Structure formats: C-alpha cells, structure tokens
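This briefing is meant to be read with the sequence and the model side by side. Please find each residue in the structure as it is named, and follow the points group by group.

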Amino acid sequence: MEYVEIPGVERKVSRIALGTWAIGGWMWGGTDETESIETIHAALEQGVNLVDTAPVYGFGASERIVGKALAEYGRRGDILLSTKVGLEWNDKGVFRNGSRDRIMKEVEDSLQRLGTDYLDIYFVHWPDPTRPVGESAAAMRELHEQGVIKAVGVSNFTQDQMETFRQECPLHLAQPPYNIFERSIESDVKPWCERRQVSLMTYGALCRGLLTGKMSVDTTFEGDDLRNVDPKFKEPRFADYLQAVGKLEKVADKRFDRSLLAFAVRWVLEKGVPIAIWGGRRPEQMAPIGDIFGWSLDLATLSAVDSILAEKIKSPVGPEFMAPPTGLTA
Ligand SMILES: NC(=O)c1ccc[n+]([C@@H]2O[C@H](COP(=O)([O-])OP(=O)(O)OC[C@H]3O[C@@H](n4cnc5c(N)ncnc54)[C@H](OP(=O)(O)O)[C@@H]3O)[C@@H](O)[C@H]2O)c1
C-alpha cells in the first residue's frame, strides 16, 4: 500500500479508499450484512485505512454497517472515516438539500449510525443550486471549527462552485468521478484542485465494474442496479466500451502482466490523483489491492490508452445520469 499526506487529515491516508455504496444495497441490487462487514475488514487487512460512505447509501444502511464493522474491528483511531451530507430522501425519491438545517441534522445522524464522535472527512455530496453555495460552506465551517469534522470536502462540484465554497470555509478535498473512460475533470476541476492544494479523492476507478474485465454483452444486472439505467451499459455504446475493455486488457497483460482491474486503478494513481476509491461488497474483491502497487505506467502506455479510446469509443458518455434532482421536496 502507498500512503499520502492530505492537508487537514491527521494521519497518512492509503491511496486506495474503500467505497461502500454497494454495501448499502440501494441501486446495487441489495446487500448482505455479514459479507459487507467481512469486505470492510478485508480492505483494512490489506492496508486500506480510509472508508468512504454516505447517509443516502441504503438510506442509513451503509453507514450503520460501516459503524458495526469498525466497532468489531476496534482501533477507531487508526482508521479514517469519510461520509457525506446534503442529500435528503422521502417517499418520492432523493433530492439535494444543502441547507444549514439539513447539514446540522445529518451530521448528528451520521455520527450516531457510525458510532463515533468525529468524522475525519466530511463531503458535501452534491451542490444544491436552489440555495447559495455559501450557506452549505458556512455550516461546514462551523462543524470544522467545533472539531466535529477534521477535514472538509465537496463532491461533484464545478470549479466555480469550489471557488465560492472556499471563500467561506477551508476546503481540503474534492470527490469527483474519474477513470479511464470518464475524464471530464482533466480540463477544469483537476488542474484547479492541483493549483490550490485541494486533494483529489476520486470515485469510479473501475467505472462501475466495466473496467474489471468481467463483463460481456450477456451481462445483466439485478433489481434496482444502477447499471440498468447507465447509458454506458446500453447498446450501441456497450459494445464499443467492451471492445475498448478488451484492448486495454491486452495492454495490461502484455506490457505489465497485470489484470485490467489493477491497470485501471494504477492509471488513476499515475495521473496524479492521491486517493482512488474502490467500490466493493464481497471480501474476495479486496484480494487484488496489492496488485496496484510496486509498478508504474510509462508515457507510451498512457498514450496507448488514449489511442484505444479514440479508436473504439464513438459516442463517449459520462456518469451524469447519477446526478440527483434538485427540487423534489414535497
Ligand atoms: N461522491 C459521489 O457522488 C459518488 C458517486 C459514486 C460512487 N462514489 C463512491 O465511490 C465508490 C465506488 O463506486 P463506483 O460506482 O464508482 O464503483 P467502482 O469502484 O468504479 O466499481 C465498483 C464495481 O467494481 C466491481 N468490483 C470491485 N472489486 C472487484 C474485483 N476485485 N473483481 C471484480 N469486480 C470488482 C464491483 O462488482 P459487483 O457489481 O459484482 O459488486 C462493482 O461493480 C462508492 O462505493 C462510493 O463510496 C461516490
């Protein structure tokens, strides 16, 4: 495992964080608590020391399971926890709410579910365009000053929204999507963060499983699995992405004797991202974590990746389909 220093975070952070959205079940076709706890423990055993969750992941289920796993594991002081704020839900669905009231209520709920009295990193999950960015930022500053949250982050914010946020509150981390297929941050958010020492902790390294190499045209997804509505997983795009996956897999194997999964996560780290989130829900999925370290990608390989994308992906699409609505309040 490699570790990095992140401003605002008290100890060195593993460059792989465990993502626990699927552990919450919602939009991933359900969850199994015992397997989920074993997954968290397996990641910690591999040297991962940062677990990322959110209240909306299973409407409290992911945070509760993470809290239980950490209580069983012990050593809270050695483990870093990140969770999020600013999404509300009711019987009509999930919507954004970055109000001060919501933030102050949610932080209490998260602390209780996670069984802790502080959060190492607290992200505003999505910007709320129905109110000023400064309102969420001021509430986050208050929590930071109280010491309830140690480092402040925002997720899915534009660079302008981050600039505004930073006028009101220290900003330590940003959590945007980033992987071989989803690179829109390269033109704005990523250089902005690098110039201002806002550390990137990116999600989607495996592109919701596409970059594991285990998918084929016959792959289907169960129940409410988000990939049933992900435009990347629909024809004619799916076939193009799978062809690119096949070519990337050959590069990983022939040049480095690594799996596509290891190659895809290494690619994110080589691009200068300090922390990549790796989503999982079964303990055996954590076994390849060690394969990410001890090697690096050369410039020729990075440009080979770009050529494969240019050749195979005729109609690229990002993860925008995941954005929650803004106005569903009734
Ligand atoms: N801030 C945000 O708005 C936001 C948005 C999305 C995600 N996130 C965070 O990022 C995390 C990652 O989510 P993601 O959607 O971006 O997923 P991801 O990490 O790109 O991919 C997860 C997928 O990879 C598969 N997988 C994991 N390890 C594997 C292994 N060893 N072998 C084969 N397949 C493996 C899982 O398989 P199965 O399907 O079989 O379980 C799952 O489909 C989330 O848990 C969450 O913490 C944040």
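Glu142 counts as partly exposed, with a relative accessible area of 28%, and its side chain meets that of Arg100 in a salt bridge with a distance of 2.6 Å from N to O. This pair links distant parts of the chain, since Glu142 belongs to helix α4 (residues 133-146) and Arg100 to helix α3 (residues 100-114), 42 residues apart. The model is a predicted one, and a search of the whole structure finds 29 salt bridges, some of which are described below.

**Salt bridges between separate parts of the chain**

- Arg100, the partner of Glu142, is likewise described as partly exposed, and its relative accessible area is 35%.
- Asp120 forms a salt bridge with Arg76, in which the closest N and O atoms are 3.0 Å apart.
- Because Asp120 lies in strand β8 (residues 119-124) while Arg76 lies in the loop between α2 (61-73) and β5 (80-85), this pair ties together parts that are 44 residues apart in sequence.
- Asp120 is buried, with a relative accessible area of 3%, whereas Arg76 is partly exposed, with a value of 21%; the cut-off that matters here is that buried means under 20%.
- The side chains of Lys247 and Glu311 also meet in a salt bridge, with 3.4 Å from N to O.
- Lys247 is found in helix α7 (residues 237-256) and Glu311 in helix α9 (residues 299-312), so this pair ties together parts that are 64 residues apart in sequence.
- Lys247 is partly exposed at 35% relative accessibility, and Glu311 is partly exposed as well, with a relative accessible area of 47%.
- Salt bridges that share partners join four residues, Glu2, Arg15, Arg266 and Glu270, into one network.

**A buried arginine without a salt bridge**

- Arg96 has its place in strand β7 (residues 93-96), and although Arg96 is buried, it has no salt bridge.
- The nearest side chain of opposite charge belongs to Asp128, which is 6.6 Å away from Arg96, while a salt bridge requires the nitrogen and the carboxyl oxygen to be within 4 Å.
- Which backbone oxygen lies 2.8 Å from a polar atom of the side chain of Arg96? This oxygen is that of Pro127, and the backbone oxygen of Pro324 lies 2.9 Å from a polar atom of the Arg96 side chain.

**The surroundings of the ligand**

- There are 30 residues around the ligand, and those that come nearest are Asp52, Ser155, Gly204, Arg227 and Arg281.
- The residues of this shell divide into 12 nonpolar, 11 polar and 7 charged, and the largest share of the shell, 3 residues, comes from strand β12 (residues 275-279).
- In the side chain of Gln175, an N or O atom is 3.0 Å from a nitrogen atom of the ligand.
- Lys214 has an N or O atom in its side chain that is 2.9 Å from an oxygen atom of the ligand, and a polar side-chain atom of Arg281 lies 2.7 Å from an oxygen atom of the ligand.
- Taken alone, the ligand exposes 900 Å², and the protein buries 93% of that area.

How values were computed: Residues numbered from 1 in each chain as written. Predicted model: local features only at pLDDT ≥ 70, side-chain atom pairs only at ≥ 80, totals over all residues. Heavy atoms only, no water. Near = heavy atom within 4 Å. Polar contact = N/O pair within 3.5 Å; in protein donor to acceptor, adjacent residues only side chain to side chain. Areas by Shrake-Rupley, 256 points an atom, 1.4 Å probe, with all protein chains shown as cover. Helix = DSSP H or I, 4+ residues; strand = E, 2+ residues; numbered from the N terminus. Nonpolar A, V, L, I, M, F, W, Y, C, P; charged D, E, K, R; others polar. Buried < 20%, exposed > 50% of the residue type's maximum accessible area, 1.4 Å probe, protein only. Lys, Arg positive; Asp, Glu negative; His and termini not counted.
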